Amino acid sequence: MEQGSANGGHRLVVTVAGDEGSSRLDRVLAARVAELSRSRLKALILAGSVTVGSAPVRDPAYHVGTGDTITIDVPQAVPAEPAGEDIALDIVYEDDDIIVIDKPKGLVVHPAAGHETGTLVNALIAHCGASLSGIGGVRRPGIVHRLDKDTSGLMVAAKNDRAHQSLTGQFADHGRTGQMRRGYLAFVWGAPNRQRGTVDAPIDRHPQAREKMAVRPGGREAVTHWEVQETFKGRDGKPVAALLACQLETGRTHQIRVHMAHIGHPLMGDAVYGPHFKTKASHLGPRSQAALAALDRQALHAYLLALEHPKTGVIMEWISDLPDDLALLRDCLRAAL
């Protein structure tokens with residue numbers, strides 16, 4: 001099926017089977033060419049890189065015939081943008097298809113205004129180098145989910161189009177029909193009055209503060225499941241905080257932070273969604289107060305990631321221990337110090 005190509009890339013040849021006759025060109029290719037995503041195949045068709053017989057076809061809806069020979073010229077991947085940077089990574093797992101890293105707090109995932117360099121994407125481009133096989137025609141990692149700059153924990157990135165397509169589908173499904181799971185540990189103010197619960201509340205941009213999200217009617221569906229792991233008492237012996245394990249059924253921006261604030265239990269250290277709870281710190285012991293002040297971020301860690309490997313189909317799972325700053329906060333809270 002694969003041959004060399006004059007442009008330095010490679011050539012894929014597909015022969016239309018009997019049951020594929022009269023089908024759309026893009027649908028046949030999507031079913032037969034697993035290494036390229038649907039969007040990448042469409043782009044190649046529109047660019048004139050796909051021929052049926054000897055004639056280029058630029059219409060994705062073109063109907064092929066049984067026995068037709070389809071040739072796809074996949075150009076060599078162009079250099080990555082942005083550039084790679086030598087930034088240390090805590091790599092939990094890596095193979096030819098995916099890389100799983102334990103992201104520290106303070107690391108921005110993707111270049112954007114104000115953070116054009118020094119991001120996880122810059123680091124992955126430098127680390128993976130030529131092993132990135134041209135996602136969308138560019139040598140870059142496939143980012144299928146993100147963590148906030150100051151949220152630590154597990155992230156996966158794709159290293160080729162096939163893996164990117166598979167992971168994108170799994171994250172879009174959020175484990176509703178598959179095995180993909182994402183778990184977070186969240187330190188919140190107050191103690192919920194029951195052991196577990198679900199927040200099913202739509203999220204959209206805040207109507208006044210555009211840098212924030214908010215629960216709003218008509219927003220995008222957002223579902224967070226939570227369960228109490230520990231409850232912590234303050235200096236007066238009354239519950240002052242709790243450690244929750246959260247699992248996402250959707251993946252909205254700031255979802256856990258918004259949902260926990262919505263039910264009256266904002267994350268400790270969250271200056272955006274829990275500023276009115278700063279006075280709660282006075283109920284903590286002096287060491288807990290110091291640990292919280294030193295945290296200087298929302299107390300949220302992505303501790304669990306489970307997914308189906310894009311190539312093998314094997315279910316893989318990774319667990320990340322609390323980083324030092326959150327472990328210190330937990331220990332101080334446990335001792336009510």
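Predicted model: local features only at pLDDT ≥ 70, side-chain atom pairs only at ≥ 80, totals over all residues.
At 47% relative accessibility, Glu 317 counts as partly exposed, a class that lies between buried (under 20% relative accessible area) and exposed (over 50%), as judged with a 1.4 Å probe and protein chains only. Residues are numbered from 1 along each chain as its sequence is written, and side-chain values use heavy atoms, with hydrogens and water left out.

Glu 317 forms a salt bridge with Arg 181, and the closest N and O atoms of the two are 2.5 Å apart. This pair links distant parts of the chain, since Arg 181 stands in strand S10 (residues 181-189) and Glu 317 in strand S17 (residues 315-319), 136 residues apart. Arg 181 is also partly exposed, with a relative accessible area of 33%. A salt bridge here is a side-chain nitrogen of Lys or Arg within 4 Å of a carboxyl oxygen of Asp or Glu. Side chains of opposite charge can pair when their charged atoms come close.

The structure as a whole holds 15 salt bridges. One of them joins the side chains of Arg 11 and Asp 73, at 2.6 Å from N to O. Because Arg 11 lies in strand S2 (residues 10-15) and Asp 73 in strand S5 (residues 69-74), this pair ties together parts that are 62 residues apart in sequence. Arg 11 is partly exposed at 28% relative accessible area, whereas Asp 73 is buried at 18%. Another salt bridge connects Asp 150 with Lys 149, with 3.7 Å between the closest N and O atoms. Asp 150 is partly exposed at 22% relative accessibility, and Lys 149 is partly exposed at 36%. Asp 97, Arg 162 and Lys 311 are linked in a network of salt bridges.

These residues sit within a protein chain of seven helices and 17 strands. Helices (H or I, at least four residues) and strands (E, at least two) are DSSP runs, numbered from the N terminus. The C-alpha trace spans about 80 × 40 × 40 Å along its principal axes. Of the 337 residues, 47% count as buried. Among contacts (heavy atoms within 4.5 Å) between residues at least 6 apart in sequence, 66% join residues at least 24 apart.

S11 pairs with strand S14 (residues 223-233) in the antiparallel sense over five bridges; two strands pair if DSSP finds at least two bridges between them. Thr 224 in S14 is the bridge partner of Val 199.

His 254 has a positive phi of about 60° although it is not a glycine. His 254 is placed in the loop between strand S15 (239-248) and helix H5 (255-262), and is buried, with a relative accessible area of 19%. Asp 296, likewise a residue other than glycine, has a positive phi near 55°. The loop that holds Asp 296 runs between helix H6 (286-295) and strand S16 (300-308), and Asp 296 counts as exposed at 67% relative accessibility.
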